[in-house]
Amino acid sequence: MNIEITDLTRRFGRTKAVAGVDLEAGPGVFGLLGPNGAGKTTLLRVMATVLPPTSGRLRLLDRDPGAYGPRREIRRRLGYLPQNLGYYPGFTVCEFVEYFALLKDMPAARVPAAVAAAVERVDLGVKAKAKLRTLSGGMLRRVGIAQAIVNEPELLLLDEPTAGLDPEQRVQFRALLRDLGQRATVVVSTHLVEDVGAACTEVALMDQGKVVFHGTPGELTARGTDGGTGDAPLERGYTAVLAQARLAQAQS
Amino acid sequence: MTAPPAPAVPRPPHHAVRAKVVPGRLLRLELRRNTMLWMLPVAILLFWYNGYREIMAVPPMWNLRAMTLQNRLLLDFAIPVVGAAAWMASREGRRGVADLLGITARPRWARQLTGWAATTCWALLGYLCCVAVVYVLTARQASWGGPLWWPAVVGAVAVPLLSAVGFAAGTLFPSRFTVPLVTVAAFFGLAFGTQAASGDHSYWQISPLTSGAVDIGADPGVATFYHYLPDLSIAQVMFAAGLTAAVLGLLGLPAGSGGRWLRRSAAVITVAGLAAAGTAVALAGTGRLDPHGMIVIPALHDAANDQPIRYTPVCSHTAIPVCVNPAYTAYLPAVTAVLRPVLTELAGLPGAPRQVTQAAQAYAQGPGNSINLIFHGLAARDGSVVFSLPDPLPGDQGQTSAGFDSRLKTTGLQIVAGVIGSQSRAAGSPAVAGPAQQAVISALTRLTAPQLAFRNGSAEQLGPYGRLLPAPGSPAAAAATRFAALPAAAQHAWLVQHLPALRAGRISLAQLP
């Protein structure tokens with residue numbers, strides 16, 4: 001398993017953003033669904049080793065990220081796209097991706113080819129020499145994806161990756177996800193259930209810091225037959241599971 | 001976005017990923033997108049407007065130019081360098097890239113050092129270009145000597161310190177207000193460092209802006225006749241390098257900067273840097289002013305540097321030759337023009353000097369920052385007269401050609417008084433002159449007491465030389481006018497015949513022709 005999470009908690013002061021999550025994931029595309037404030041981004045940041053867990057056990061790529069050496073090894077094999085991508089406006093697309101490739105400790109000889117490949121994979125080849133300040137929001141999102149995949153990560157964590165992408169790009173991006181998921185564990189945090197339906201092999205639904213559903217997209221869709229609202233079957237499953245979870249919460 | 005197939009980037013086994021990253025690639029990237037590159041024109045413009053014009057206005061002597069350069073250039077570079085470094089360091093926070101960078105495998109400290117190094121490279125390049133321009137122009141203008149490297153080295157070592165201070169401030173306080181605050185603080189901190197020094201034992205001499213003794217600084221007489229003493233410069237280099245290491249090491253101490261080994265190294269570097277800087281400050285406090293106007297630090301001093309510099313003097317073709325240090329060649333015509341009439345009168349007289357030779361001034365530290373000139377003027381030595389050129393030289397701040405000539409006339413007065421007066425010339429003390437002697441001295445130098453008083457500011461400040469000239473309206477003044485009206489040949493002939501009696505005080509005013 002590339003991700004092993006046991007009873008993981010993350011607090012910010014009195015707020016428990018992640019409350020006792022158990023999760024395991026191997027190669028494939030893993031969708032992380034949930035409403036705003038469910039704890040998806042916090043969980044992703046913990047998995048990305050940005051934040052240490054408050055309690056619980058976390059193992060990534062069969063290593064303990066709590067220790068410096070293993071954490072560095074994990075980071076070499078990690079790709080991460082945060083929800084809000086920061087960038088240096090004066091860098092070109094290639095420079096920005098190269099910068100991260102070098103910081104990810106990629107062997108220098110491999111960097112130019114890897115950068116070119118990553119930029120091509122997100123369809124920014126023609127903008128390779130463009131300064132980031134000249135790019136649209138969707139293009140910047142793709143630059144963020146390029147820096148995340150430049151090191152061919154074994155664990156790829158994407159927070160709202162399709163935000164700002166047009167429908168055509170989203171379709172292409174889903175294909176890219178499926179391709180990446182053949183060799184790596186890709187965790188995609190999103191509000192967009194159609195992304196999950198199209199690309200994910202597994203899905204977890206979070207609410208109030210807890211995982212309230214873990215299964216395949218088909219299983220989530222099936223939960224929608226009992227009730228739930230939405231235009232698409234998966235949406236109905238999503239709302240039905242959330243409603244059940246909230247009812248159970250209220251009763252307890 | 002293209003999905004399949006993944007490009008053919010060979011994926012090596014992960015142990016191969018450990019292969020060394022060439023830090024040069026990262027540095028090259030940082031160099032290309034570094035703010036200091038854009039601040040270079042600002043720094044150079046500041047230097048041109050402020051330091052360069054001041055440096056090039058001083059006489060073309062290596063010591064003056066180099067020591068002024070150390071003081072001015074660093075101050076001009078302080079704001080752009082500190083500002084650019086702080087801006088570069090705070091960009092992660094300002095641009096919201098901290099999360100992304102925080103999870104990269106490369107240690108944060110290594111990443112920060114690369115950013116600092118890129119900023120410093122550009123700053124140093126600008127600094128060295130400015131030094132090169134000043135030194136090349138000085139090489140073309142100076143009549144003697146060679147570049148003084150220590151002042152340039154001190155500045156070159158202080159530039160990374162400025163950069164490190166800015167970088168540390170930007171890293172620790174990544175706010176948009178950091179840049180203006182830290183630049184102002186650095187500028188005033190530097191400037192205050194030079195103002196706070198008090199005397200030759202002051203610890204504040206460690207400021208990289210200080211070139212030599214605090215109240216002498218860049219002076220024509222310093223490091224011309226004797227070697228430029230590197231003692232203080234060595235301490236300043238130690239201080240700047242040590243503090244740079246300490247500041248950079250400090251950035252590697254927080255958790256998350258790197259692994260245990262890296263953080264331990266950072267701690268060792270910080271402690272070593274602080275020790276070096278502290279030692280340098282302590283050494284600066286042991287400094288003392290040597291007679292040649294430089295700071296001697298006993299623990300760093302090389303006695304070989306106390307030997308005078310050998311040189312072949314440049315001499316005038318006057319009746320009594322005037323010889324100056326070749327560094328002053330440009331001033332020989334002015335000196336000769338003032339002294340020639342006097343020397344022509346004195347040539348051939350008994351007791352007249354064979355040669356008038358320039359000698360170094362000698363200094364002593366007074367209370368606080370005051371400096372006493374223990375040799376400044378004229379003395380007799382082996383049948384010659386040694387004198388010091390008026391300081392400052394024309395072109396220096398507050399000095400004009402007229403002022404320079406005026407002070408040279410005092411030198412001429414002293415030379416004449418040395419021959420005509422009845423003092424002990426060997427002691428170099430001012431002459432004591434009777435009325436007849438005063439009349440002859442006044443006639444030969446074409447000087448009167450009011451003229452001298454004017455130059456010195458007031459009658460009270462006439463000092464010892466005032467006694468060499470007759471009071472206005474006195475019988476001696478009338479005799480001086482009478483003697484001055486004689487043809488030069490007649491004056492000379494009378495002096496040849498009567499000089500011993502005149503010096504002995506046996507000639508009365510009435511006996512003067």
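1. Helix 4 and helix 8 of chain B cross in a right-handed sense. The model in which this crossing is seen is a predicted one. The two elements comprise residues 62-89 (helix 4 of chain B) and residues 149-172 (helix 8 of chain B), and their axes lie 7 Å apart at an angle of about 20 degrees. Because angles under 35 degrees count as roughly parallel, helix 4 of chain B and helix 8 of chain B are roughly parallel to each other.

2. As to composition, the contact between helix 4 of chain B and helix 8 of chain B holds 23 nonpolar and 7 polar residues, with no charged residues.

3. Chain B is assigned two domains, domain 1 spanning 21-306 and domain 2 spanning 314-511. The centres of domain 1 and domain 2 of chain B, taken over C-alpha atoms, are 47 Å from each other.

4. Between these domains, 24 residues of domain 1 of chain B are in contact with 21 residues of domain 2 of chain B. On the domain 1 side of chain B, the residues that touch domain 2 are 13 nonpolar, 8 polar and 3 charged.

5. The contact between the chains involves 33 residues of chain B and 47 residues of chain A. On the chain B side, the elements contributing two or more residues are helix 1 (14-17), helix 2 (23-32) and helix 6 (98-102). Helix 6 of chain B gives the most, with 4 residues. By class, the side of chain B that touches chain A has 18 nonpolar, 6 polar and 9 charged residues.

Methods. Residues are numbered from 1 along each chain as its sequence is written. Chains are lettered from A and ligands numbered from 1 in the order in which they are written. This is a predicted model: local features need pLDDT of at least 70, side-chain atom pairs count only at pLDDT 80 or more; totals for chains, interfaces and linings use all residues. Domain bounds come from an automatic or database domain assignment. Two residues are in contact if their C-beta atoms, placed from the backbone, lie within 7 Å. Ala, Val, Leu, Ile, Met, Phe, Trp, Tyr, Cys and Pro count as nonpolar, Asp, Glu, Lys and Arg as charged, and the others, Gly among them, as polar. Axes are lines fitted to C-alpha atoms, for helices over the stretch in contact, and angles run from 0 to 180 degrees between N-to-C directions. Angles under 35 degrees count as roughly parallel, over 145 as roughly antiparallel, 65 to 115 as roughly perpendicular and the rest as oblique. A crossing is left-handed if the near helix is turned anticlockwise from the far one by less than a right angle, and right-handed if clockwise.
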